Structure formats: structure tokens, C-alpha cells
Amino acid sequence: MIFRTLCVLFAILLSACAHDTGLRDTGAVTVQQDSVLPAPTREDLFGQNRPYLIGPFDKLMIDVFGITELSNKEIQTDAGGRISFPVAGGIDAAGRTPGELGAIIEERLRQGGIRNPQVTVNLRETVSQVITVDGQVKEPGLYPVVGRMTLMRAVATAKGADEFAKLSDVVVFRTVRGQKYAALYNLKAIRRGAYADPEVYANDVVVVGDSPARRLFKDAISVLPILVAPLILALQ
């Protein structure tokens with residue numbers, strides 16, 4: 001009888017511990033019951049409500065109506081976002097919309113003696129669909145998302161983690177329908193097959209082994225020092 005009672009009490013304690021992860025809702029974060037970071041929507045990926053701004057290495061198609069020599073010009077911006085166009089010369093295109101760039105070219109052409117130029121600038125190819133990889137990786141930076149990319153591939157794209165990287169501290173930041181999320185992953189556990197390598201998307205920010213990012217999860221980590229599944233937070 002005593003043994004049975006002790007077993008019941010032990011089971012109750014285990015149940016209580018299993019439901020008390022130490023991570024609770026606050027004014028800044030909301031605990032997600034699901035262990036999968038939500039995928040972004042089409043609007044999240046492409047930002048249709050925001051005008052596109054030209055950036056480095058974008059390819060543009062520029063046409064000047066009625067002037068064959070200045071039409072169907074495919075021009076790529078350089079690393080600084082500059083272009084060079086006949087008659088108009090060098091122009092800083094980075095940070096401008098295609099329409100704004102077209103207006104600048106028109107003004108330059110007028111100054112060069114061309115009457116009433118009509119310029120059209122279209123985006124031919126862009127590298128705007130990028131992911132940010134930061135923290136303890138060999139080459140932090142912005143990397144294009146080509147096809148399906150996973151967390152491990154994203155880190156590999158940045159030439160891998162550096163010598164002292166904490167692979168148990170990998171945080172992914174993502175915005176879905178205006179809601180900001182943060183997810184904590186353990187790359188070592190993923191490599192062991194403890195859970196699937198999650199997919200990452202354009203506009204995600206991946207931070208490898210960075211203590212400030214990990215602080216978001218300090219309550220859960222104090223109770224669960226070994227991360228065996230992703231932890232997802234919804235940020236305010």
C-alpha cells in the first residue's frame with residue numbers, strides 16, 4: 001500500500017514538472033504551444049505594400065522611348081549600387097525606386113541635349129530575397145535564398161560556424177503577418193536527428209551562438225538546460 005502511494009505521488013510530481021517549463025507569458029513574449037515556427041505568407045516574403053528599392057548587383061532593363069541606341073539596355077548595379085548609362089554618366093541607384101532612377105536619367109539626358117526623353121526602368125533580376133546570418137559564423141552577412149533552404153544550409157552558406165560557436169544557441173527571428181517570432185534551435189541535436197532541420201525563408205535573421213539573442217529564452221533554459229526540441233516565442 002505504501003509503495004503504491006509513493007508511486008502515485010511520484011507520478012503526480014513528474015506530471016507537474018512536465019507541465020511547468022519555467023517559460024511563461026509576459027508583456028514582451030508569448031509562449032507558443034506548437035514547436036514549429038510559422039512559415040511566412042506571400043506578403044511577408046515580398047512586402048507588396050512597400051516600394052522596391054534598388055540595391056547592389058540588381059539587374060535593370062532601361063529603355064529610352066524612340067532612341068534605339070539607348071533602348072533595351074541591361075545594366076547591373078555594382079557593389080555600391082551605382083550604374084553608368086550613356087549620356088547620363090554615373091548615377092547612384094541604390095536606395096531609389098525604378099521610377100526615381102528613371103526620372104534622374106531623364107534629367108541627365110535633357111542636360112545632355114536630348115529633347116523630352118521618356119525613360120522606363122524595369123527590374124530584371126534582384127537579390128532582394130536574402131537571409132541574414134550573424135553571430136559566431138565565419139562569414140556573417142546577407143545571403144540569397146535560392147530554392148529551399150534549411151537552417152543548417154543557411155549556416156553552411158556563411159562558411160559554417162566558427163571555432164568557438166555555441167551550436168546549442170541558434171536563434172531564428174521571423175515576422176509573419178506583422179507578428180514577430182523568435183525560435184531557439186540546437187544544431188547539434190538536429191545533426192543527431194533529434195528533430196528535423198527547419199526550413200528558413202527570405203527576411204529571416206539567423207543568429208548563431210549569440211548570448212543577447214539567447215536571453216529571450218533564459219527562463220526555459222534554466223529549467224531545460226538540454227534543448228531537445230525547438231522553443232518558439234511570439235514577441236510583442
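Two residues are in contact when heavy atoms sit within 4.5 Å.

**Figure 1. The whole chain, a predicted model.** Of the contacts in the chain with a separation of 6 or more, 58% join residues 24 or more positions apart. The chain has 7 helices and 14 strands; these are DSSP runs numbered from the N terminus, with helices (H or I) of at least four residues and strands (E) of at least two. Residues are numbered from 1 along each chain as its sequence is written, and side-chain values use heavy atoms, with hydrogens and water left out. Because the model is predicted, local features need pLDDT of at least 70 and side-chain atom pairs count only at pLDDT 80 or more, while totals for chains, interfaces and linings use all residues.

Figure 2. Over residues 1-31 the pLDDT is below 50.

**Figure 3. The largest nonpolar core, with 27 residues.** Such a core is a set of buried Ala, Val, Leu, Ile, Met, Phe, Trp, Tyr and Cys residues joined through side-chain atoms within 4.5 Å. Here, buried means under 20% relative accessible area, exposed means over 50%, and partly exposed is in between (1.4 Å probe, protein chains only). Ile-131, Leu-151 and Tyr-185 have the most contacts inside this core. Elements giving it two or more residues include β7 (130-135), α4 (151-157) and β10 (170-176). Beyond its neighbours within four places in sequence, Leu-151 touches Val-170, Tyr-185 and Ile-190, among others.

**Figure 4. A salt bridge between Arg-174 and Asp-204.** The term means a side-chain nitrogen of Lys or Arg within 4 Å of a carboxyl oxygen of Asp or Glu. In this pair, the closest N and O atoms are 2.7 Å apart. Arg-174 belongs to strand β10, while Asp-204 sits in the loop between β12 (199-200) and β13, 30 residues apart. Arg-174 counts as buried at 4% relative accessibility, and Asp-204 is buried at 1%.

**Figure 5. A salt bridge between Arg-124 and Glu-74.** The N to O distance is 3.5 Å. Arg-124 is in strand β6 (residues 119-125) and Glu-74 in strand β3 (residues 73-76), 50 residues apart. Arg-124 is exposed, at 52%, whereas Glu-74 is partly exposed, at 45%.

Technical notes:
pLDDT = per-residue confidence, 0-100.
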